[in-house]
Amino acid sequence: MTAELIDGKAFAAALRGRIATAVAALRAEHGITPGLAVVLVGEDPASSVYVRSKGKATVEVGMEGFQHRLSAEAPQEELLALIARLNDDPAVNGILVQLPLPRHMDEAAVINAIAPEKDVDGFTVLNAGRLATGQKAMVPCTPLGCLMLLRDRLGSLAGKDALVIGRSNIVGKPMAQLLLADSATVTVAHSRTRDLPDLCRRADIVVAAVGRARFVQGDWIKPGATVIDVGINRTGDGLVGDVDFDAVREVAGAITPVPGGVGPMTIACLLANTLTATARANGLPEPEGLTP
Ligand code: NDP
């Protein structure tokens, strides 16, 4: 059996198209242009690339992009003052502070300074708490993108055995919450988990967010399972995921490739969250299919 490829790139392109249409309607009917502010502190090359591609994607769907750059030595107070200004700026509907921050900054304090209704990354404790308690939240972009791909492939996730490998605040934990909210039976694995291959063999859905190249093996996979590979690992052979793609695709029913799977969904979901935040800020109906 060779798994079907889950084409995240095509799904994300269609999603961005729907967002662009909704943005155009928002402008035509209400004179509103959604605005996304992206803040970069320091010169980290990977972060600079991410910020540039987020800015480009923002403009492509007709939103306003605001980029703010601070030096790596900027005091935390300067960043907090900038966030306070963006919180108060009605032209800004979404605020994203690119991580990681320089070591002298308190990441949690900075993130939690973002107004929850503009927290389009969904990383503030308020949004994490809302997600965990089943309230309307801003949901982290990467797991939201994974959920969209899973629902598109499987329809209802109710009763499915789902294994999330990884328990980070940005991927693993919110992914588990989203799957649970969709009534999957969820197991979360991490570096101290025993018998990971056995757990994996029982799963109808595997989401790998480990940060280790080709970690998930072909003989760990239940035949026909759906495998979502969140990993982005730079190796001598280029970008690879957390799943041993060539081996797993011989067993799984469907799998996301790397690149071209989850990655494009993350940026599309950032735009989706910005549009949702704009609708909520203006008391307008939220466009359908952009939230869980
Ligand atoms: P983190 O490093 O924060 O978390 C990795 C998780 O994997 C931890 O919970 C860790 O466990 C677990 N882990 C590590 N080793 C093992 C092991 N041997 N067995 C089982 N679990 C293990 O990573 P992120 O969640 O931030 O990212 C995960 C991956 O996803 C990375 O490759 C990252 O680049 C990628 N990523 C991709 C995105 C996209 O847009 N496609 C967006 C965000 C991330 P423990 O908690 O015990 O340490």
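Arginine 214 is partly exposed, since its relative accessible area is 35% (buried is under 20%, exposed over 50%, and partly exposed in between, with a 1.4 Å probe and protein chains only). You're looking at a predicted model, where local features need pLDDT of at least 70 and side-chain atom pairs count only at pLDDT 80 or more, while totals for chains, interfaces and linings use all residues. Residues are numbered from 1 along each chain as its sequence is written, and side-chain values use heavy atoms, with hydrogens and water left out.

Arginine 214 sits in the loop between strand S7 (205–208) and strand S8 (226–229); helices (H or I, at least four residues) and strands (E, at least two) are DSSP runs, numbered from the N terminus. Its phi is near 50°, positive in a residue other than glycine. Most residues other than glycine have a negative phi, and most peptide bonds are trans. Serine 183 also has a positive phi, near 65°, and is found in the loop between helix H7 (172–181) and strand S6 (185–189).

As for peptide bonds, leucine 99 and proline 100 are joined by a cis one, with omega about 0°. The bond from valine 258 to proline 259 is cis too, omega being near -5°. Proline 259 belongs to the loop between strand S11 (254–255) and helix H10 (262–281).

Now follow H10 to its partner: its axis and that of helix H2 (residues 45–60) come within 10 Å and cross at roughly 55° (axes are lines fitted to C-alpha atoms, for helices over the stretch in contact, and angles run from 0 to 180 degrees between N-to-C directions). On the H2 side, Ser53, Lys54, Ala57 and Thr58 meet Ile267, Leu270 and Leu271 of H10, contact meaning heavy atoms within 4.5 Å.

What about salt bridges? The count is eight, where a side-chain nitrogen of Lys or Arg has to be within 4 Å of a carboxyl oxygen of Asp or Glu. Arginine 214 turns up again here, paired with aspartate 237 at 2.9 Å, N to O. Aspartate 237 lies in the loop between strand S9 (233–235) and strand S10 (238–240) and arginine 214 in the one between S7 and S8, so this pair ties together parts 23 residues apart in sequence. Aspartate 237 is exposed, at 60% relative accessible area.

Another bridge pairs arginine 280 with glutamate 286, the closest N and O atoms being 2.7 Å apart. Through shared partners, salt bridges join Lys136, Arg280 and Glu286 into one network.
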